[in-house]
Amino acid sequence: MAARRRAKNEIAALLPRLKHGVGVGGEANKENAEQMAKEDFDDAFETADSALQSHGVIANMSSSSLRQFRNTQRSPIYQLPLETLTEIFIFTSGILDTSHELLDSSAVPPLKIVLSMAHVSSRWYKAAKSCPLLWTHIFADYAVPLVMMGLERSGNLPLTVTCWGRGKRRNAERLQELLEHVHRWETADVVITFKDLRSIAKLPAPRLKAMAIVPIVQTEAEALLGEPEDLPMANQLFHGQIPQLEVLKIHYWLKWEEASYPRLKRLDIALYLGRLPSVTGLNSMLSKCPLLETLSISAPIERPDFTLGGPGDIKLPYLKTMRIRGFSPLALSTFVFRLDLPAVEIVELEPDVSLVEEPDEADVILFMVTMIPIVSVLERLSPLATAVSLTLEEDEGVEFSFLGQYVSSQPEIKLFRFPWTDVMRFTTARCPSFVKQCKFLNIIGGGGEGCSSTTPELVETVTALHSLETVTLTGTPDSATLLSMFLDSGRRETDLVSHAARWAGLDEVCLEGCLCYQKEGILKELEKWRDRRQRRVQRSEPRVIIDNEGCRNCGTLRGEMRGIVEEGNAFSDSETSISDEDQGEGEGEGEDVASKPNVVS
């Protein structure tokens, strides 16, 4: 009993020293006298371990847990200098990755990662505590002591503040604590009541670079009537002193066009409640954003811009990305028409056609007004690409993808709900560089109003794309007609197109999706194509590919078609001999075999 008591006292004296670990490089730390040299640590461990093996668990410490602690302390990461360890913490927490960016609601808050690392050991805790940068992300939904700890440990560094809250009362409590440090706010993403919005208007935020302020609509009447008259306007927020603002996310319209944004680079507007702006107000706001790089607007805006502004009078020389959704066709056309977009690379336009009570020809004209600045973008991007891919999709609209080696994202233009034939007629007539560079065509579905691939107008505009190399037909109702055109480009029926054209570079035609539409016609065209491939009666016969996936009803049909395709693809273009019998058959079909350049007698 006495020996166990002595062992307990001895271990009780050693364990606190052991917990402070080994000094960096195995040497005793002069700044932290409690850390031990490697030899002293090993001697203390041997003494404590011997006692624990003899007497069992002492002071809630067993021999196995002590050995695990020794192995941890001897690992290389515990030998790193404190400065290096701190840099690793900063990198791991992701604080630098989210600088000047609004926090994603699905992401893990950096403060949570910092707290996890700080609880690994006493040394890690001291390293995290001594680095103010690790505590600059304040997530106000956490407990009050934790929020206050972050505000204190961050010193006087700029703050990233997130205050989404779970209720109005809790939001108000957190906001009052954060407002005392508003002069340090660099990024602010807060959900607040209109009452608290007034308090924000009284305090300057000279460091603020990214802001998303979402007022809580407290009553239905408030949402319908819009902002009360005594609410601060955009030019009054933060006492009108936000000169560094670069990112702005708007969820409620507070007459934002009255403020100035000389350094704004990213603007995200998503409005679903309250008063909606007019296109005139939006254009006025954009005219004050000369450095804007990214623009995203989603709002059911119906009121157009009937001012005297001319085409392209709003200069946005640095804008790279533009996404507009929810506008009526009239509002969209008058909005885009006034924009000058010399550097834009990504365009997405999605009008809300439900806002039009009785669509007529006027809507098509309005769409074409929208196309005027878009065609200039298409003409600028097409020569820079190695190829352009055109997609015509029944329920989506028209998409242009520019293929090539790009440093950032791939340029593209998406025109949702735009009529196929009108867009194609407009672009092929006004954009020769696109016609030259368009090498991939995808037609998905069809048969919808204004979008059907069966219309003679679309067939003729597709014929104008003479540089096509690959064509993909997915669930297209008129696949047989299009196959006849693409597989036998030198012999088109005169009632389909008004002029002859040949795709000299067409290499591949793919059939995907359901093949039940005109299945007899498809089989007939594939058989003709196979026979021509066998006899070499045409200079260039593209290969055909049948995709594996389709509807339940075309499985047998797909197998039959695949057999024909495999036979046709098996005949290599390098074969150059044709029998007299085959030549006679070709002539019987009206083909001038002798005139084919790839036929050798």
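Analyst: Arg 532 is buried, because its relative accessible area is 3%. Buried means under 20% relative accessible area, exposed means over 50%, and partly exposed lies in between, using a 1.4 Å probe and protein chains only. This is a predicted model, where local features need pLDDT of at least 70, side-chain atom pairs count only at pLDDT 80 or more, and totals for chains, interfaces and linings use all residues. Residues are numbered from 1 along each chain as its sequence is written, and side-chain values use heavy atoms, with hydrogens and water left out.

Arg 532 sits in helix 18, which covers residues 519-535. Helices are DSSP runs of H or I with at least four residues, numbered from the N terminus. Where does the side chain of Arg 532 reach? The side chain goes to the backbone oxygen of Leu 487, at 3.3 Å. A polar contact is a pair of N or O atoms within 3.5 Å; within protein, one must be able to donate a hydrogen and the other to accept it, and residues adjacent in sequence count only if both atoms are side-chain atoms.

Leu 487 is one of the buried residues of helix 17. Helix 17 spans residues 479-487, and nine of its nine residues are buried, so the helix is largely enclosed by the rest of the structure. Among them are Ser 479, Thr 481 and Phe 486.

Now back to helix 18, where Asp 531 is also found. Asp 531 counts as partly exposed, because its relative accessibility is 26%. Asp 531 and Phe 571 are 40 residues apart in sequence. In space, they are 9.8 Å apart, C-alpha to C-alpha.

Key: Helix = DSSP H or I, 4+ residues; strand = E, 2+ residues; numbered from the N terminus.
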